[in-house]
Amino acid sequence: MLDPAFIRKFPDVVRKGFADKGESGELDWYLQLDKDHRAVLTEKEQVAARQNQLSKLIGMKTGKGEDSTPERAEADGLKAALKLLEERDSVLKQDKLRIQMRMPNLAADDVPVGKTPEDNTVAATWGEKPTFDFTPKPHWEIGAGLGAFHAETAGKISGAGFSLMTGPLAQLERALWNYMLDLHTREHGYTEVAVPYMVKEHALEGCGQLPKFEPEMYRMKDDDLFLIPTAEVPLTNIHRQEILAGERLPIRYCAFSPCFRREAGAAGRDTRGLIRMHQFHKVELMVYTTPEDGDAEQMRIRTNAEAVLRNLKLPYRVLLLCTGDMSVNSRRTWDLELWAPGVGAWLEVSSISTFGDFQARRSGIRFKRAGKTEYVHTLNGSGVALPRLVIAILENYQRADGSVVVPDVLRPCGPPAALGPLRGLMKPTLRVPPCGQLRRSRPGRCVVARTRFESA
RNA sequence: GGAGAGAUGGCUGAGCGGUCGAAAGCGCCGCAUUGCUAAUGCGGUGUGGGGGUUAAACCCCACCUCGGGUUCGAAUCCCGAUCUCUCCGCCA
C-alpha cells in the first residue's frame, strides 16, 4: 500500500511508476474518490463536533438538575444527517481502500524500466558452467537412473505437478534444507522460525498476495484458510499490527516450509521433472528493518543466499528485474538463477525483494524511535528453493555412469560422497531403499539397494 | 465436539451510561540530585485521519478486539463475529 498523502501530493510520480509496471492502478478513480471522501469527512466531522458539544452540555445540565430540552431537541435533529454522512464516509473509505490494496508498489530509482524478461539486466555471474565429455542428462533421467525419482507414482497419488522422491534424492533434499538452515542461523544471524503452513486471508493481504494472486492460492473453503505459497507470508505477519522498539531492528528470520502454488497461469509449462511444482520446499529469509537500512539489508540477504550456491559450488547469475517483470509489490528484485546443464536453462532459485513500507502499511508493522512512529521496511528472499537446487546438483554433478557427486559441504548433513544407481528395484511397486546406506542384497529379499561409493 | 471465562494504551491492570483518551504501576524520554553502579524526586510520554502552518503551535473527528444496535450521549448496555484461556470428551 502506498502512502495516501504521497499519492495526493505527487499523482504524476505515481502515475509514471504505475505505467512502468504496466498498471494503471486505477489512479484517476482513486483521486476522485479521495476528493469526494475528504469533502464528506469535513462535513461529517463538523456535525459530529456539534453533537459532541451538545451531549456534554446535556450531561452537565442534567448533573446540575437543569432543563436540557432545547439541546436534546437539537441533538436529536442532528442524528439523521450524521447517520447519512457516516454511511457515505464509510462507503467512500472502503472504495478507496479496495483500490489502494490493488495498487502496485513503485519501483526504486535504480530499477531498469522495461516490460519483459528481456529487459532484465545481469547484475553478476559466478562460477563456470561445467563441461562434460558426454551429453549431460536432464535431472529426471538422472533421478530415474538412481531409482529415486518417481513421477508416475506422484501422479497416481496427487496428479500432475507433484513429485515423489525416494532414498538418495529424499535424503539429498533433506540434507540441503538442513544445511541451509544451519548456515543462515549459525553464520548469517537469522532466527529460525517454525511457521504455520495455513494462514488467514488477512495474512495474505498484508503481504500483497491477495487480492491479486487469488487464482494462485490453494484455499480450504470450509475453514477459510489458505495454504501458504511461501514462508514469507507467516514470517511477515509475525509482527502484524505491532509497534516495535526501534532498537530491536533489524529482525532477521529464516524458516523452512513447503510452498503451495496452483500455477494457474503456467499450465503446460515445465511439465517434466522438478522445475515447476504445485508443492515444493523452500528455506526463506525475511528481514524487518529501518527505511535507511533497507537497501543494505537487501544486499545482505542476497549475499546470504548466494553463499548457499557458492558453498555448493554451483554456477549462477544474478538478475536485476526490470519494472515490468518484477512483482507488483516489490520496489527492487534480484533473482538468483542456477545453471542447469541437463535442461540447458537458468533456473530461478531465489527472488530477493525489498518492499519498502508497502507491506508494512498493509499489515500495520511499525517501529518507534526518538518518540516517532514509522513504518518498517520489509524484505525477503529465498535462501533457497529446493527442487531447483536439487536439479542443479544432479545436473552439474552428474557423471557418465549415471552417478552424482555430492558437494562436500553436505557431507556432515548425512549424504554419502556420491549418489549411485540403485539396482534390483522392483517395478511397478515402489520399494524404498535405506538412505545412503551401503547394504548388500540378501537372497530372497526383493528390496535391494546398493549405493555405490566412488571417489569424486 | 460439549461447558465455561476473557479480550482496555509499548506492557501489567482499574473502570461497567455523561468533563474517560481512559486510574495506578512498569517501561521510555527530559530535568534535578547523587564518589561510580544503583537509587530517589519532579515533569512528560498512545495511534490514525481531516483542517491549519514555511515549519510548528493550534482546532476538529475517530479509536478501550472487530462489526452492528439501543441512547441526546457507549470502554461501560444489547446482538453477531474473531481470537485467547480453562475443564470434559475425542485424536496424531
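How many Å separate the centres of domain 1 and domain 2, taken over C-alpha atoms?

Mentor: This is a predicted model, in which local features need pLDDT of at least 70 and side-chain atom pairs count only at pLDDT 80 or more, whereas totals for chains, interfaces and linings use all residues. Residues are numbered from 1 along each chain as its sequence is written, chains are lettered from A and ligands numbered from 1 in the order in which they are written, and side-chain values use heavy atoms, with hydrogens and water left out.

The centres of domain 1 and domain 2, taken over C-alpha atoms, are separated by 42 Å. Domain 1 covers residues 4–102 of chain A and domain 2 covers 117–396, with bounds that come from an automatic or database domain assignment. Seven residues of domain 1 are in contact with 12 residues of domain 2, contact meaning heavy atoms within 4.5 Å.

The size of an interface is often given as the accessible area lost when the parts come together. Here domain 1 and domain 2 bury about 670 Å² between them, and 53% of that area is on carbon and sulfur atoms; buried area is the accessible area (1.4 Å probe) that two parts lose on being put together, summed over both.

Side chains of opposite charge can pair when their charged atoms come close. The rule (a side-chain nitrogen of Lys or Arg within 4 Å of a carboxyl oxygen of Asp or Glu) finds one salt bridge across the interface of domain 1 and domain 2. The side chains of Lys 212 and Glu 23 also meet in a salt bridge, at 3.0 Å from N to O. Between domain 1 and domain 2 there are six residue pairs in polar contact, both residues at pLDDT 80 or more; a polar contact is a pair of N or O atoms within 3.5 Å, where within protein one must be able to donate a hydrogen and the other to accept it, and residues adjacent in sequence count only if both atoms are side-chain atoms. On the side of domain 1 that touches domain 2, helix 4 (residues 69–102) gives the largest share, three residues; helices (H or I, at least four residues) and strands (E, at least two) are DSSP runs, numbered from the N terminus. By class, that side of domain 1 has two nonpolar, one polar and four charged residues, with Ala, Val, Leu, Ile, Met, Phe, Trp, Tyr, Cys and Pro counted as nonpolar, Asp, Glu, Lys and Arg as charged, and the others, Gly among them, as polar.

Of the atoms of RNA strand B that come within 4 Å of the protein, sugar and phosphate account for 71%. A polar side-chain atom of Arg 8 lies 2.8 Å from a phosphate oxygen of RNA strand B, while for an N or O atom in the side chain of Asn 52 the distance to a phosphate oxygen is 3.0 Å, and for Lys 79 the corresponding distance is 3.4 Å. Helix 3 (27–64), helix 4 and strand 12 (365–369) are the elements that give two or more residues to the surface near RNA strand B, and helix 3 gives the largest share, 12 residues. That surface divides into seven nonpolar, six polar and 10 charged residues.

Terms used: Near = heavy atom within 4 Å.
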